[in-house]
Amino acid sequence: MIEYIYHDLLFATGYLPYGLVVGIPLAAVLMWAVNRRNGDRKPAALLPVAVFGIYFAVMFVITFLSRESGSRKGVVDLELFSTWGINARNNAFVVENVLLFIPYGFFACLAFRWKKRLLCCGFLGACTSLGIECLQLITRRGYFQIDDILTNILGTLIGWGLFRLIFWRKQ
């Protein structure tokens, strides 16, 4: 299983340049919007917003552009835990879904004050994951699986927990 995860992570790094091409303009728009909403903030205070925007774009590119459109049939799998335990490859996919959303939860807390609450951060992860799954179903670039949504939420919550662990004394 670890070998699959390692190879998949190496494969995903090939999409980093594309993610940066999309993420840098997205980061600029997010920084402008946050700065406009919250008044003038120092550039250093906007850096976490930029990092969040870039990571979001990289995540989007990895989940969509790493597969050809129409390469998957429009499968909807609503059975809980249907992907875990089948084989090492599927187990690797489950772990990778968690790993993909850990930085997402961490950077969301870092970038946006209102995401520092557990429920808000978890809700953001759930909405993002649901959006990804729906778009994958529509474009047939992936399968709509309830397990993916749950593991993505778990990853977001672990990211929130890491944020709280690192910054708990500053709160």
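Predicted model: local features only at pLDDT ≥ 70, side-chain atom pairs only at ≥ 80, totals over all residues.
Relative accessible area sorts residues into buried (under 20%), exposed (over 50%) and partly exposed (in between), using a 1.4 Å probe and protein chains only. Residues are numbered from 1 along each chain as its sequence is written, and side-chain values use heavy atoms, with hydrogens and water left out.

**The loop between β1 and α4**

- Helices here are DSSP runs of H or I with at least four residues, strands are runs of E with at least two, and both are numbered from the N terminus.
- W84 sits in the loop between β1 and α4, and F81 is found in that loop too, with β1 spanning 76–77 and α4 spanning 88–111.
- F81 has a phi near 60°, a positive value in a residue other than glycine.
- With 63% relative accessibility, F81 counts as exposed.
- Leaving aside residues up to four places away in sequence, W84 touches M1, N91, V94 and V95, where contact means heavy atoms within 4.5 Å.
- V22 is 62 residues from W84 along the chain, and their C-alpha atoms are separated by 33 Å.

**Another positive phi**

- R140 isn't a glycine either, yet its phi is positive at about 60°.
- You'll find R140 in the loop between α5 (118–139) and β2 (144–145).
- R140 has a relative accessible area of 44%, which means it is partly exposed.

**How α4 meets α6**

- The axes of α4 and α6 (residues 146–167) come within 6 Å and cross at roughly 45°.
- That makes α4 oblique to α6, because angles under 35 degrees count as roughly parallel, over 145 as roughly antiparallel, 65 to 115 as roughly perpendicular and the rest as oblique.
- Axes are lines fitted to C-alpha atoms, for helices over the stretch in contact, with angles running from 0 to 180 degrees between N-to-C directions.

**Cysteines**

- Counting a disulfide as a pair of cysteine sulfur atoms within 2.5 Å, the total comes to 0 disulfides.
- For C120, the closest cysteine sulfur is in C121, and at 8.6 Å that is too far for a bond.
- C120 is partly exposed, at 21% relative accessible area.
- C127 is in no disulfide either, as the nearest cysteine sulfur, in C134, is 11 Å away.
- C127 comes out partly exposed, with a relative accessible area of 37%.
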